[in-house]
Amino acid sequence: MTAADGNVMYKLEKGYQITRVLGKECLMILRDKYSTPLATIELCRGKISSVTPYRGAENDRNHIRVIQRFVRRYHYSLTAEAALNLSLNVVKRDGKETYYTSSELTASRLERLFKNYDTLAVTLNNFRKRKLIVPSSAKKCSLNLSHAIVSKLIVSRNSHAAIDLRDNRFVETLIIGDSFRGSLNFSRSDIQNIKLGNNCRCDIFCIHSGKCFEMTLGDVYSGILDVRDSCFHRIKTGYYCYAVIRLSENWGKKDVIIGDSFRGSLFIDSVLAENVEIGDDCRGRISVREHNRRQGIKHIDIADGFKGEIDLASALALQKVEVGAHAAGSINLSGCPSIQAVKFEEDF
């Protein structure tokens, strides 16, 4: 580092230089060999907080690569915004941050990172790949994929991760392997297909989906599924799920399908869907409510062996309820104004 040559703070390769802005201690300018300004850099106390290109230099990747190398050479740290500005992926392991370009963050490197560190947080910025496979890891990690340019995301079985897909506009398909533990947030994302394997323990959140999606949860799923102000075509759970499922102010005109031996709670509030199907041997709690009669659940089909609790008193749009054989438990239809038919099979 040099303070020579007037206001030149750093001389970089190929004639690039970083100059200071007089009177502003933390503001600097990257210039090319002709002294043309390319970007402003806010650098204070060893941390870069933002990088903003000048007009006309927005698509110039050369100066971005120059700043990337500058950050590493002088071991500066970056805020989340600055890392995004510089298209650098952030890997935080055991309290230390390292920055990688997308070409450097290879599958083999990811494999080593997931296996060798007790705590790991990965943020992918402008990471471009058609398919990304997250390797398994028994250790809990954090994956921020909000700006990942990936079409298909596969999370390997036995992984333990907090997956953040909020605001992502590129991931279309998410497949999570068996025995996954952790959380998933895909609020405001454009994801269209989500599939979880068996024996997953996962809290899932979505507030305002970007596109209509389908979700399939495997056998023995447990956790919280909270979907609000979103569009789904179908949500389906497997066998013996012990989950708290909350669906509110959603639309899509398709189905909610709950698998056999359900042991959790299903709360449906102001959801536009054609059918709700409940499998055999359900012993959970189900509640349906709407705030008006114009839209909502029209039909509920409950299979054999039901022994749970269903509250339909506030299901203002419900027209038909079918209950299979050998049912018991509690079904509250009092005050349901739109009901047209209720059918019970033998031994109710």
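**Around Ala161**

Guide: If neighbours within four places in sequence are set aside, Ala161 touches Cys141, Leu143, Phe180, Arg181, Gly182 and Ser183, where contact means heavy atoms within 4.5 Å. The model is predicted, so to speak of local features pLDDT must be at least 70 and side-chain atom pairs count only at pLDDT 80 or more, while totals for chains, interfaces and linings use all residues. Residues are numbered from 1 along each chain as its sequence is written, and side-chain values use heavy atoms, with hydrogens and water left out.

Ala161 belongs to strand S11, residues 160-164 (strands are DSSP runs of E with at least two residues, helices runs of H or I with at least four, both numbered from the N terminus). Its relative accessibility is 2%, and Ala161 therefore counts as buried (buried is under 20%, exposed over 50%, partly exposed in between, with a 1.4 Å probe and protein chains only). The C-alpha atoms of Ala161 and Cys202 are separated by 9.3 Å, although the two residues are 41 places apart along the chain.

Leu143, one of the contacts of Ala161, also takes part in the lining of the largest cavity, together with Leu110, Phe114, Val122, Leu124, Leu132, Ile133, Val134, Pro135 and Leu145. On a 1 Å grid over the protein atoms alone, a cavity is a set of points where a 1.4 Å probe fits but cannot get out, whereas a pocket is an open set with protein on both sides within 12 Å along at least five of seven lines, and lining residues have an atom within 4 Å of a point. The model has one cavity of 30 Å³ or more, and the largest cavity holds about 60 Å³ of space, volume being the space filled by probe spheres set on points that are joined across faces, edges and corners. Helix H3 (107-116), S9 and S10 each give at least two residues to the lining of this cavity, and S9 provides the largest share, five residues.

Strands S9 (120-134) and S10 (141-155) return in the largest pocket, where they, helix H2 (80-85) and strand S7 (89-93) each supply at least two lining residues. About 250 Å³ of space lies in this pocket, and among its 18 lining residues those closest to the centre are Ala80, Val90, Thr123, Asn125 and Asn144. Between H2 and S7, two of the elements that contribute to the pocket lining, runs a loop that contains Ser87. Ser87 is not a glycine, yet its phi is positive, at about 55°, and with a relative accessible area of 10% the residue is buried. Another positive phi outside glycine, about 60°, is found at Asp347, which lies in the segment after strand S28 (341-344) and, at 52% relative accessibility, counts as exposed.

The cysteines complete the picture. There are two disulfides, a disulfide being a pair of cysteine sulfur atoms within 2.5 Å, and with bonded cysteines counted along the chain their pattern is 1-2, 3-4. Cys26 and Cys44 are joined with their sulfur atoms 2.4 Å apart; Cys26 sits in strand S3 (residues 24-31) and Cys44 in strand S4 (residues 37-44), 18 residues apart, and the pair links distant parts of the chain. Both are partly exposed, Cys26 at 26% relative accessibility and Cys44 at 27%.

In the link of Cys212 and Cys231 the sulfur atoms are 1.7 Å apart, and the angle of 75° about the S-S bond makes this link right-handed. Cys212 lies in the loop between strand S15 (201-207) and strand S16 (213-217), and Cys231 in the loop between strand S17 (222-228) and strand S18 (232-237), so the pair ties together parts 19 residues apart in sequence. Cys212 is partly exposed, with a relative accessible area of 27%, whereas Cys231 is buried, with 5%.

Cys231 also holds the cysteine sulfur closest to that of Cys206, but at 10 Å it is too far for a bond, and Cys206 is buried at 1% relative accessibility. For Cys336 the closest cysteine sulfur, in Cys282, is 18 Å away, again too far for a bond, and Cys336 is buried, with a relative accessible area of 8%.
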